Amino acid sequence: MYAFQPAHRTATYWLAAIVGSVALLLATPALSHAEESNPNNYNCLGNINSGQPEVGSEEQQVKYTFYCDGPITGYQLQAQVPLTGIQAAPQLYSIATKNPLNDSFSCSGEVPGYAENCVGLAKAGYESITGQFAIGNKICKEPRVDPLLTVTYAYLEKGVITQAIAGPFDLGRPKGCAPDAYSGGTRLEPKPIVVTHKKSHKKAKKADHKKK
């Protein structure tokens with residue numbers, strides 16, 4: 001299930017795979033790019049929660065789901081805690097029909113590392129993409145994982161290969177965890193932590209004695 005890449009090759013493979021995904025685009029029916037929103041200004045929404053256990057692994061699995069309002073040929077999830085495993089092939093569903101799609105992505109990354117890189121094709125907007133990655137701690141333990149999403153789109157425009165990038169989009173903290181001092185904030189919009197300084201019992205007792 002897990003894919004591994006040497007550290008010095010990860011970035012090279014990521015860029016090469018994005019360009020290579022153009023071949024997949026050319027093998028599919030042409031998209032009317034003019035009818036889609038600007039791929040540099042896509043809107044993407046998603047979330048994360050506890051994933052399905054993996055056979056033979058005791059690591060915490062994290063499930064992510066997102067969709068964008070236009071087609072994409074690649075995406076990256078950037079975490080602030082180390083990823084210890086990456087699901088190689090996420091699943092795609094139509095939001096409108098809930099049916100599985102033939103579109104696909106292949107994911108890899110340095111493990112342990114802080115990014116998951118995926119290339120493939122979602123031919124249209126509003127295709128739900130669901131996958132998993134593993135982390136070393138329980139999902140509700142602080143610091144809770146809060147991945148940022150960046151998406152790419154490679155297409156032909158007047159016979160020239162054009163690449164667009166949109167994001168980052170914050171997928172947020174895990175759903176299903178009990179609220180704590182950090183709840184209500186995200187990596188892009190963190191919630192200020194209010195520190196309350198309480199008087200010690202002795203100081204409070206002295207103050208009460210003085211009042212008397």
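# Buried charges and a salt-bridge network

Guide: The protein has 2 helices and 9 strands. Helices (H or I, at least four residues) and strands (E, at least two) are DSSP runs, numbered from the N terminus. The model is predicted: local features need pLDDT of at least 70, side-chain atom pairs count only at pLDDT 80 or more, and totals for chains, interfaces and linings use all residues. Residues are numbered from 1 along each chain as its sequence is written, and side-chain values use heavy atoms, with hydrogens and water left out.

Visitor: In what order do the elements of the protein run from the N terminus on?

Guide: The order is α-β-β-β-β-β-β-β-β-β-α.

Visitor: Why is Gln78 called buried?

Guide: Buried means under 20% relative accessible area, exposed over 50%, and partly exposed in between, with a 1.4 Å probe and protein chains only. Gln78 has a relative accessible area of 18%, so Gln78 is buried. Gln78 lies in strand 3 (residues 72-86). Across the protein, 39% of the 212 residues count as buried.

Visitor: What does Gln78 touch, leaving aside its neighbours within four places in sequence?

Guide: Contact means heavy atoms within 4.5 Å. The partners of Gln78 include Tyr114, Asp146, Pro147 and Arg187. Gln78 and Asp146 are 68 residues apart along the chain, with their C-alpha atoms separated by 8.6 Å.

Visitor: What makes Asp146 a buried residue without a salt bridge?

Guide: A salt bridge is a side-chain nitrogen of Lys or Arg within 4 Å of a carboxyl oxygen of Asp or Glu. For charge, Lys and Arg count as positive and Asp and Glu as negative; His and the chain ends are not counted. The nearest side chain of opposite charge to Asp146 is Arg187, 5.6 Å away. That leaves Asp146 buried with no salt bridge. Asp146 sits in the loop between strand 7 (127-135) and strand 8 (148-157). Asp146 does touch Arg187, and also Asp170 and Arg173, among others.

Visitor: How many salt bridges does the structure hold?

Guide: The structure holds 5.

Visitor: How do you know that Arg173 and Glu142 form a salt bridge?

Guide: Their side chains meet at 2.7 Å, N to O. The pair links distant parts of the chain, 31 residues apart: Arg173 is in the loop between strand 9 (160-170) and helix 2 (201-211), and Glu142 in the loop between strand 7 and strand 8.

Visitor: Which residues are linked with them in a network of salt bridges?

Guide: The network joins Glu142, Arg144, Arg173 and Asp180. Glu142 meets Arg144 at 3.5 Å. Asp180 bridges to Arg173, with the closest N and O atoms 3.2 Å apart.

Visitor: Why are Arg144 and Arg173 classed as they are?

Guide: Arg144 has a relative accessible area of 7%, so Arg144 is buried. Arg173 counts as buried because its relative accessibility is 17%.

Visitor: Why are Glu142 and Asp180 called partly exposed?

Guide: Glu142 is at 26% relative accessibility, so Glu142 counts as partly exposed. Asp180 is partly exposed because its relative accessible area is 24%.

Visitor: Which elements each supply at least two residues of the lining of the largest cavity?

Guide: Strand 2 (60-68) and strand 7 do. A cavity is a set of points on a 1 Å grid over the protein atoms alone where a 1.4 Å probe fits but cannot get out; lining residues have an atom within 4 Å of a point. The largest share, 3 residues, comes from strand 2. Among the lining residues are Phe66, Tyr67, Cys68 and Glu127.

Key:
1 Å grid on protein atoms, 1.4 Å probe; cavity = no way out; pocket = protein on both sides within 12 Å on 5 of 7 lines; lining within 4 Å.
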